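Let me put the structure up on the screen and then we can walk through it together.

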Amino acid sequence: MALLPILEFPDPRLRKVASTVTDFNEKLEVLIHDMFETMYDARGIGLAATQVDVHRRLLVIDISENKDSPLTFINPEFEVIEGELSEYDEGCLSVPGFYETVSRPRVIKVRAQDQSGKPFEMTADGILAVCIQHEIDHLEGKLFVDYLSSLKRQRIRNKLEKEHKKSA
Ligand code: QAP
Ligand code: CO
């Protein structure tokens, strides 16, 4: 078991596009386990492999109150079921301390593979739909701050860069 370091905005490695997972082996299982441990430790509800500097199409989510409903999505894809947008105050473990409103399609259908490579699909709405779309964005090198005005994004960048200098 291991806690993995989480990359923080504006680290350029968060901009890499992740590639398809092809090997469903023990190494993948260990990575998934470490990603859950890292996410729970940081009090997050979602974590993409990109955020721990692994550029593979893999994400973990647990939106449950008791942190007892882990969801793993490998090579996820989604389709919009209901195009009506809904707003949510999003945060991100890679943008610590900042929350801003983002609009995304309200209902999606997700197709992915599980830890053993078996395909599954599910329809998601509410915070789960938000979280899945947010995490899939990470796999494309995209962050929720990209949906904000450049002024807001710049302010967040400046504050985090200052924090990083302090702790360096
Ligand atoms: C993405 O975000 C998300 O700033 C997952 O200080 C967020 O887990 C999906 C976190 C909102 C849907 C709605 C952020 C923890 C966790 C912080 C997270 C922080 C500590 C963010
Ligand atoms: Co995020």
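I'll talk about the metal site and then the pockets.

Before anything else, keep in mind that this is a predicted model. Okay, so what holds the cobalt ion, ligand 2? The protein donors are Cys92 through its SG atom, plus His134 and His138, each through NE2. They sit 2.1 to 2.2 Å from the ion. If you write the spacing of those donor residues along the sequence, you get C-x41-H-x3-H. Cys92 is in the loop between β3 and β4, while His134 belongs to helix α2, so this pair ties together parts that are 42 residues apart in sequence. And are they buried or exposed? Cys92 and His134 are both buried.

Now, the pockets. Rolling a probe the size of a water molecule over the atoms shows where empty space is left. The largest pocket here holds about 410 Å³, and 22 residues line it. Cys92 turns up again: it is one of the residues nearest the pocket centre, along with Ile45, Glu90, Gly91 and Tyr99. Which element gives the most to that lining? That's α2, with six residues.

Technical notes. Residues numbered from 1 in each chain as written. Chains lettered and ligands numbered in written order. Predicted model: local features only at pLDDT ≥ 70, side-chain atom pairs only at ≥ 80, totals over all residues. Heavy atoms only, no water. 1 Å grid on protein atoms, 1.4 Å probe; cavity = no way out; pocket = protein on both sides within 12 Å on 5 of 7 lines; lining within 4 Å. Points joined across faces, edges and corners; volume = space filled by probe spheres on them. Helix = DSSP H or I, 4+ residues; strand = E, 2+ residues; numbered from the N terminus. Donors = N, O, S within 2.8 Å, 3.2 Å for Na, K, Ca; no water. Buried < 20%, exposed > 50% of the residue type's maximum accessible area, 1.4 Å probe, protein only.
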